[in-house]
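This report covers the pockets and selected strands of one model. The structure is shown first.

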Amino acid sequence: MAAAPDGRRGRCCWRRARRFAVTALLAATAAVQLLPTGVLAARGPASWDDVSASSGISRDRSTRYGGVLVADIDGDGFYDVLAPGHDVSTVEVYWNNQNGKYTRGADLRPFLDDVHGFTAGDVDGDGDLEVIHAVGGGNGLTPFAPIFYGSAGRNLTPEDVGLDVVGGRGRSPRLVDLDGDGDLDLIVVNYEVVTASNGDTARQHVFENTGGGNFVRRFDSGIDDVAVERLILTDADGDGRLDIVAYPFFRILLSTGDFSFRDATRELLWRIPSFGSRFINVRAAAELDYDNDGRMDLYLAMGTRNDALLRNVGFGYEEVSTAAGIPTGGNHQGVTVGDFNNDGHSDVFVVRAGPTRLPDLLLTANGAGGFTSSTTHGATTAPDNGQGDMATAYDSNRDGRLDLLVSSGQDVGPPSTWGTLNLFQNNVAYTWDGRYFVVRVGRSPNGRATALGALLTLRTNDNGAQYIRRVGSAGGTFTQSALDIVHFGVGWATWVDRLTVRWSDGSVVVQDNVGVTNRVIEVGLL
């Protein structure tokens, strides 16, 4: 039909189109406003740029065993890196130049120690982070005690703090406040020994920090003879104390206070059919609140078995791997977690092993309780670069985006299996639906409690969304990083309604109406 001579038909069509556009906009707005409380829109996958060549981190190949230690050792507000090379290279020390680029410092020791896991924390309460690493025991024939390094700025010096009373076949040290007094005690998880040290047959060792960073051995811990060699710390039962999730032979050991634990694996996993055979040979683990319900869940990298996502249901876990879209197959050796695209949902990065190295796997949360997998994310190492080891997610340059430091190389083997360290910087766009909020955590206001282990709860003005993070590691095998510059992706949020920080001694700081996002704030004594 032809338009009327006066143009009324054209005006009518224009009004109809405008009404349609306005209606569609209102419907879209209503759809956002009607999302259930705490449900957030999701963004697409993050991506990274390989900046390894310009990062200042050595490109030399080594065994790269058990991941790297990431911690702000010199206290300048930027993360430094310690990179072990097992028994074929010294421990490399890299100081952050406050821009995500590194200067190599003096090697931690001039010797080719049989170095395994690391941990770091403010052990003596002086504001500096001390470092402890476990040493292998000559295939179990010559048990060796952990080595402790005091720090003053960028100087790391071996010190005698009482750890040499017993040796082991060292694997995974962990600093954690076991008695709630604020200072950091020590768990050292070992592999089995052939020759006992001083007649002491206990495989695992627990030490109490008696003040000022001096350690005293505690016995009858309940884990003395548990056959594990790797662990992460998480609050499995919601009582406020950090528990042990140990592997490869999977165990959940609940803290009972007073430096003791009990094996609650069966109590907590009974909902999972055949859990005993399901969780054999776990290679790596990470805690994350994937569904933003305020409870820490678990992601398990399972080697050649299918990975597992375990949802914390309050007291116990249920496996939700299939429902969440966790891919099957592969050979998965490492896992790290974080909100890589800043949309408010926790994502997962999985390191896949060789012998021909496959692209590592990114699992991006889809906002509906599941994940979408991809390998075209840019954080990819060469097919001949080692066998696949571990990755650590952290913000290397404090730009509000999580980067990845990926280590490649098996624990033993010929040079053809060794790998490099690769730093990948996050290039996700700064957009209205991808804001961030970063909290640098110091000691508790009373000065008693260290930042390590502190729990942060954040509530924003985006649909009442709530997030939890813990000062600690973003996943682990032998090494526990100390990530006290805590990153939150907060999606659409423009305001933080409430931030709560709870330290291990029970101290709490609450800040309301903190201000706009895309910022860094400091809480506690720094």
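The lining of the second largest pocket divides into ten nonpolar, five polar and seven charged residues; here Ala, Val, Leu, Ile, Met, Phe, Trp, Tyr, Cys and Pro are nonpolar, Asp, Glu, Lys and Arg are charged, and the others, Gly among them, are polar. The model is predicted: local features need pLDDT of at least 70, side-chain atom pairs count only at pLDDT 80 or more, and totals for chains, interfaces and linings use all residues. Residues are numbered from 1 along each chain as its sequence is written, and side-chain values use heavy atoms, with hydrogens and water left out.

**Pockets**

A pocket is an open set of points on a 1 Å grid over the protein atoms alone, where a 1.4 Å probe fits, with protein on both sides within 12 Å along at least five of seven lines; lining residues have an atom within 4 Å of a point. The volume is the space filled by probe spheres set on the points, which are joined across faces, edges and corners.

| Largest | about 760 Å³ | 43 residues | D235, G240, L242, G453 and R470 |

In the second largest pocket, strand 6 (115-121) and strand 29 (435-441) are the elements that give two or more residues to the lining. Strands are DSSP runs of E, at least two residues long, numbered from the N terminus. For the largest pocket, at least two lining residues come from each of strand 10, strand 14 (230-234), strand 16 (251-257), strand 18 (284-288) and strand 31 (466-470). The classes in that lining are 15 nonpolar, 17 polar and eleven charged residues.

Strand 12 (residues 205-209) runs antiparallel to strand 13 and is joined to strand 13 by four bridges, with V206 opposite R218.

**Strand 26**

In strand 26 (residues 390-394), five of five residues are buried, that is, under 20% relative accessible area with a 1.4 Å probe and protein chains only. In a regular strand the side chains alternate between the two faces of the sheet. M390, T392 and Y394 lie on one side of strand 26, and A391 and A393 on the other, so that both faces are covered. Five bridges pair strand 26 with strand 27 (residues 403-409) in the antiparallel sense, and M390 stands opposite S407.

Definitions and conventions: Two strands pair if DSSP finds at least two bridges between them. Buried means under 20% relative accessible area, exposed over 50%, partly exposed in between (1.4 Å probe, protein chains only).
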